[in-house]
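These are my notebook entries on one protein chain.

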Amino acid sequence: MNLHELQNQITKLKSSLETDLSSGGDLNAKYLGKKGLFNELAKAIQQVGPTDRKAAGQLLNELKTDLEQTTSSQTSVSQSRETETDLTMPGLKPKVGHIHPISQAMEEIVHIFEKIGFTIVRYPEVDWDWYAFESLNMPPTHPARDEWETFFIDLPDTTKNIPYDVNNPRARHPSVAGGKILLTPQTSNGQVREMERLGKPPIRMINIARCYRRQQDATHTQMFHQFEGLVVDKGINIQHLKGTLDYFAGQFYGAGTKSRIRPFHFQFTEPSFEVDFSCHICHGTGVLKNGDKCKFCKSGWHEVGGAGMVHPNVLKAGNIDPDKYTGFAFGWGIERTYTLQAGLNIDDIRLLYSGDLRFLEQF
Ligand code: PHE
């Protein structure tokens, strides 16, 4: 027998299997049994010349896998037919999911601020350079941008011919000048947008959005979420900021949680602060009841984000008179805020976006 004849035999055998499939019967024995059709054909390999033997072996191997698959699917079909007829079997419960832990945290945060009269907004996550930097007192070449400049959209800069003028920040507004576009590194781009939307104070805003930065480790992801608070009105001072932070700490982390502000620098607030919340495990002492050092915070406090009194140049950029109005702003990451909640023990925030159900189903 040569290779061509063997191929013909194989085709014949396959078509007879096809016919047999519809009529049923023990196909496994007929085709793959000891004295089955496959073994009979396999014997023919001895008649194949030595040069073609390898190819013939390969053809037979493929045929065998084919036969095994076809006959086993025949048995599983007939088995499942049997189970289908048992109408008394209990049904299969569909799997029900739940919203992602970060969406849960957002809902909680929104609810907390709505109770004290904040309006929830969502401003663009891909925005003009002007809203992300220039309106926030960061001129085109200012070094404070270094920390934030991240992912730009590759488009020509149309603002080049209009010089930057600190006394006229709206001269380069995107409605006149267009400008560069980027993925926002922080939610502060919503500050001047909200001033523009309302036209004049009072402003009480929470802006929630995705942010993007060049960072990736156990406590940072390139895409993350922030929420930004902004309050502008007559007579707003640091005490209002501190009171709002304490209120949030108590609501989100539980009664008794305190906030702490430490001097810092942001280009868009003056004065600026870093914001800490007292540790819910050692209650801000850094020491456990048994005298051991608290391993969760090490110092009694967790740093969560930034805040400050809105810089007069930012108010000007939003067409608000800084001699009449003052304001405070704060902003920080939702992932970080959430993972500090009691009992969560999430030591790597990348897990939140791993799409691994074993992780997500725990929340
Ligand atoms: N945008 C700052 C950050 O991402 C936080 C901040 C918001 C600081 C508002 C001051 C005022 O770190």
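**Entry 1: burial and overall form.** I counted a residue as buried when its relative accessible area was under 20%. The model I examined is predicted. By that cut-off, 43% of the 363 residues of the protein chain are buried. I noted 12 helices and nine strands in the secondary structure. The radius of gyration is 34 Å, well over the 21 Å from the globule rule for 363 residues, so the chain is more spread out than a compact globule. Along the principal axes, the C-alpha atoms fill a box of roughly 100 × 65 × 45 Å. I then turned to contacts between residues at least 6 apart in sequence: 68% of them join residues at least 24 apart. The accessible surface comes to about 20100 Å², and carbon and sulfur atoms account for 52% of it.

Entry 2: Nonpolar side chains tend to be buried together in soluble globular proteins. For Phe-277 I listed the contacts beyond four places in sequence; among them are Leu-245, Phe-248, Tyr-253, Trp-301, Val-304 and Trp-332.

Entry 3: Which residues make the nonpolar surface patch of about 240 Å²? I found Val-126, Ile-153 and Leu-155. Leu-155 sits in the loop between helix 6 (129-132) and helix 7 (174-177).

**Entry 4: backbone exceptions.** I found a cis peptide bond from Pro-201 to Pro-202, with omega near 5°. Pro-202 is in the loop between helix 8 (190-198) and strand 4 (203-212). The bond from Glu-270 to Pro-271 is cis, with omega near -5°, and Pro-271 lies in strand 7 (residues 269-278). Asn-137 has a phi of about 65° and is placed in the loop between helix 6 and helix 7; at 9% relative accessibility, Asn-137 is buried. Lys-298 has a phi of about 70° and lies in the loop between strand 7 and strand 8 (301-310). Lys-298 is exposed, at 60% relative accessible area.

**Entry 5: salt bridges.** How many salt bridges does a search of the whole structure find? The search finds 16. I examined the one between Asp-66 and Lys-14, at 3.3 Å from N to O. Asp-66 is in helix 4 (residues 53-84) and Lys-14 in helix 1 (residues 3-23), so this pair ties together parts 52 residues apart in sequence. Glu-134 and Arg-172 meet at 2.7 Å; they are 38 residues apart, each in the loop between helix 6 and helix 7. Both Glu-134 and Arg-172 are buried. Arg-262 and Asp-276 meet at 2.8 Å, linking strand 6 (residues 259-266) to strand 7. Arg-262 is partly exposed at 26%, whereas Asp-276 is buried at 2%. Finally, I recorded that shared partners join Arg-260, Arg-262, Glu-274 and Asp-276 into one salt-bridge network.

How values were computed: Residues numbered from 1 in each chain as written. Predicted model: local features only at pLDDT ≥ 70, side-chain atom pairs only at ≥ 80, totals over all residues. Heavy atoms only, no water. Patch = residues over 30% accessible without salt bridge, like charges linked within 9 Å, V, L, I, M, F, W, Y side chains within 5 Å. Areas by Shrake-Rupley, 256 points an atom, 1.4 Å probe, with all protein chains shown as cover. Salt bridge = Lys/Arg side-chain N within 4 Å of Asp/Glu carboxyl O. Helix = DSSP H or I, 4+ residues; strand = E, 2+ residues; numbered from the N terminus. Rg over C-alpha atoms; globule rule 2.2 N^0.38 Å. Buried < 20%, exposed > 50% of the residue type's maximum accessible area, 1.4 Å probe, protein only. Contact = heavy atoms within 4.5 Å.
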